[in-house]
Amino acid sequence: SVVQTSEEFKVAMEAALPLLRARVADRYDIITVAQGGWLRLFSNRSLMEPENLVSARIGVSAKQEELASQLQSLGARTVKSDASSMLTHFSNGSIDISYSSPLYVKLLWSQFRSSISYMSSFRLSPFFGALVFTKRAWASVPADIKPALIAAADKVATEIATQAIALEEEAIAAMMKDGLKAPPLSAAQISAWTELFTGKSMRSLLSTWFSPDVSSKVFAAVDAKRR
């Protein structure tokens, strides 16, 4: 993931939202964005370094061809899979690795625990959603109360993020007590994962996924935050 902390996520959204709002302005109004935790890699094998992905069968959404291409370049085999088919694919052995929210995996842990042994310590991507109105619906809201509604939505978005991340940490702790392994990574291993998912190759792919203008704004904002 280009971002690895909630603070970096906020910076990335502040950079991207004006462009995203402008892009959909003819049909929608984006009121606020809320983080709901993080996507992690879940696997039946150890996930200590990118080399662990070689020859693995990885479930990837059919809509994320860029991610599939990046994983295939490492020697992984990708299988079209989403949240609705993830459990089935793990159960029948058609995938070795997939990505999901720990909250979702915890919800079905009694079924996943026989086929998932490991979770990546590396965060793959922030999990987030947006409050979106159609232009017609938002135009029907009286102008004098819109600022208060936006402020309330932002406040709730912050509360959602705080609560979701806390629940996620509790879910991970519970699964680890019940057999899930998430070994800590060395500095070198973290660097290798970071290069895989945020390095030059992935940034080039993300620029085709989200468009160069949005991607460049996000990269610049996050890089400045890290300096």
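Predicted model: local features only at pLDDT ≥ 70, side-chain atom pairs only at ≥ 80, totals over all residues.
Residues are numbered from 1 along each chain as its sequence is written, and side-chain values use heavy atoms, with hydrogens and water left out.

The chain holds 10 helices and five strands, where helices (H or I, at least four residues) and strands (E, at least two) are DSSP runs numbered from the N terminus. Its radius of gyration is 19 Å, close to the 17 Å that the globule rule gives for 227 residues, so the chain is as compact as a globular protein of that length. That radius is taken over C-alpha atoms, and the rule is 2.2 Å times the number of residues to the power 0.38. Of the 227 residues, 43% count as buried; buried means under 20% relative accessible area, exposed over 50%, and partly exposed in between, with a 1.4 Å probe and protein chains only.

In soluble globular proteins, nonpolar side chains tend to be buried together. A nonpolar core is here a set of buried Ala, Val, Leu, Ile, Met, Phe, Trp, Tyr and Cys residues joined through side-chain atoms within 4.5 Å. The largest such core has 23 residues, of which Leu-53, Ile-58, Leu-71, Trp-193 and Phe-197 touch the most other members. Elements giving two or more residues to this core include β1 (28-43), β4 (97-100) and α8 (187-198). Apart from it lies another core, of 15 residues, among them Ile-95 and Met-175.

Strand β4 is covered on both faces: Ile-97 and Tyr-99 on one side, and Ser-98 and Ser-100 on the other, are all buried. In a regular strand the side chains alternate between the two faces of the sheet. β4 runs antiparallel to β1, and four bridges join them; two strands pair if DSSP finds at least two bridges between them. Leu-41 has Tyr-99 of β4 as its bridge partner.

Rings of Phe, Tyr and Trp (its six-membered ring) pair if their centres lie within 6.5 Å; planes under 30 degrees apart count as stacked, over 60 as edge-to-face and the rest as tilted. The count comes to five aromatic pairs. The Tyr-104 and Phe-112 rings have centres 6.2 Å apart and planes at 70 degrees, so this pair is edge-to-face. Tyr-104 is partly exposed, at 25% relative accessibility, whereas Phe-112 is buried, at 0%.
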